[in-house]
Amino acid sequence: MQPLQIVPCRLLSWLYSGLKSPVSTGTRICPTMARPSSSMADFRKFFAKAKHIVIISGAGVSAESGVPTFRGAGGYWRTWQAQDLATPQAFARNPSLVWEFYHYRREVMLSKEPNPGHLAIAECEARLRGQGRRLVVITQNIDELHRKAGTKNLLEIHGSLFKTRCTSCGVVAENYKSPICPALLGKGAPEPEAQDARIPVEKLPRCEEAGCKGLLRPHVVWFGENLDPAILEEVDRELTLCDLCLVVSARGVPVAEFNMETTPATNRFRFHFRGPCGTTLPEALAPRETENVS
Ligand SMILES: [Zn+2]
């Protein structure tokens with residue numbers, strides 16, 4: 001299982017460098033504390049008072065939904081891993097192959113559902129909204145399972161499998177077609193022996209803006225590409241305003257980590273809950289009578 005709090009290195013370093021340090025804000029969290037609390041009751045007290053909660057999610061929250069990441073041991077599509085195909089260079093070299101990879105990932109998602117972790121977050125957001133409180137999810141996942149679960153305040157910092165961007169005019173569009181274009185029907189098989197479909201570039205997904213017809217690409221952040229500055233600005237605003245952050249931050253607000261295991265970063269957090277996210281998150285985010293008592 002992968003931890004919930006996986007955050008891309010560049011976002012993590014940005015979080016740590018861009019936000020005020022716990023020392024300078026003179027706060028409730030000490031990065032050198034010996035051990036974080038694993039008391040759900042204590043966490044619930046912070047939670048009950050929080051008005052603006054940020055949840056940062058990564059691959060861990062989707063792992064229980066069976067979403068493949070094509071990274072790490074055994075994580076292959078044909079003979080490649082994501083870092084081989086999710087690059088601008090790979091797309092320039094062989095757009096047909098990269099589209100087959102993304103077509104497969106889109107089709108796989110048709111059979112995947114949000115798990116209790118996604119649902120608990122979405123239900124919590126709706127409940128808090130009714131109380132005049134705010135919950136926002138910042139995710140690096142491109143699978144849209146948070147959206148499918150009903151999360152409304154969502155920042156998808158790595159884009160989405162179900163958005164395209166035109167390489168000519170730059171227009172970003174939602175796209176839930178299956179298959180995304182006729183030429184990809186039945187293509188994208190993941191087995192190592194599967195043949196490259198070698199689809200001519202004019203038969204790959206094309207822009208539908210009037211008079212454009214440019215080649216579309218997945219609207220996802222590939223290796224070697226920068227995160228969208230407009231989204232980072234929104235992330236910055238949410239992290240500046242929040243008074244409770246699940247899962248990672250260095251701003252001095254209480255941070256709760258939900259993880260299958262402890263990590264070198266665990267001791268930086270105020271709370272640490274060990275176990276599958278589908279079990280710990282519903283418990284942590286369930287309604288309680290003592291909520292919002294401040
Ligand atoms: Zn276009």
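This note goes through a predicted model point by point, from its overall make-up to single residues.

1. Basis. The model is predicted: local features need pLDDT of at least 70 and side-chain atom pairs count only at pLDDT 80 or more, while totals for chains, interfaces and linings use all residues. Residues are numbered from 1 along each chain as its sequence is written, and side-chain values use heavy atoms, with hydrogens and water left out.

2. Overall make-up. The protein has 11 helices and 9 strands. Helices (H or I, at least four residues) and strands (E, at least two) are DSSP runs, numbered from the N terminus. Of the 294 residues, 50% are buried. Buried stands for under 20% relative accessible area, exposed for over 50%, and partly exposed for what lies in between (1.4 Å probe, protein chains only). Among contacts between residues at least 6 apart in sequence, 71% join residues at least 24 apart; a contact is a pair with heavy atoms within 4.5 Å.

3. The parallel sheet. Four strands form an open sheet in the order β3-β2-β1-β7, and the pairing is parallel. The edges are β3 (154-156) and β7 (244-246), each with a single partner strand, so one side of each is left without a neighbour in the sheet. From one strand to the next, the twist averages 15 degrees. Such angles lie between axes, which are lines fitted to C-alpha atoms (for helices over the stretch in contact), and run from 0 to 180 degrees between N-to-C directions.

4. Strand β1 (residues 52-57) pairs with strand β2 (residues 134-139) in the parallel sense over 6 bridges. Two strands count as paired if DSSP finds at least two bridges between them. His52 stands opposite Arg134 in β2.

5. The antiparallel sheet. Another open sheet has 3 strands in the order β5-β4-β6, with antiparallel pairing. Here β5 and β6 stand at the edges with a single partner strand each, so one side of each has no neighbour in the sheet. Neighbouring strands of this sheet are turned by 45 degrees against each other on average, direction ignored. β4 and β6 pair over 4 bridges in the antiparallel sense, and the bridge partner of Gly159 in β6 is Val220. Helix α7 (residues 95-109) packs on this sheet and touches β4 and β6; its direction makes about 140 degrees with that of β4.

6. Helix α3. The buried residues of helix α3 (residues 40-49) are Met40, Phe43, Arg44, Phe47 and Ala48. They cover an arc of only 135 degrees around the axis, which puts them on the same side of α3; the arc is that of the directions from the helix axis to the C-beta atoms. Lys45 and Lys49, on the other side of α3, are exposed. Arg44 is buried with a relative accessible area of 9%. Arg44 and Pro287 are 243 residues apart in sequence, and their C-alpha atoms are 9.9 Å apart in space.

7. His118. This residue belongs to helix α8 (residues 116-130). His118 is buried, with a relative accessible area of 0%. Leaving aside neighbours within four places in sequence, His118 is in contact with Val61, Ser62, Ser65, Leu145, His146 and Ala149.

8. The loop between β5 and β6. Pro179 lies in the loop between β5 (172-174) and β6 (216-220), and a cis peptide bond with omega of about -5 degrees joins Ser178 and Pro179. Arg198 is found in the loop between β5 and β6; Arg198 is not a glycine, yet has a positive phi of about 45 degrees. Arg198 is exposed, with a relative accessible area of 66%. Lys213 is placed in the loop between β5 and β6 and has a positive phi of about 60 degrees, although it is not a glycine. Lys213 is exposed, at a relative accessible area of 61%.

9. The second largest pocket. About 300 Å³ of space lies in this pocket. Of the 17 residues lining the second largest pocket, the closest to its centre are Glu156, Gly159, His219, Asp228 and Ile231. The elements giving two or more residues to its lining are β3, β4 (159-166), β6 and α10 (229-241). On a 1 Å grid over the protein atoms alone, a pocket is an open set of points where a 1.4 Å probe fits, with protein on both sides within 12 Å along at least five of seven lines; lining residues have an atom within 4 Å of a point. Grid points are joined across faces, edges and corners, and the volume is the space filled by probe spheres set on the points.
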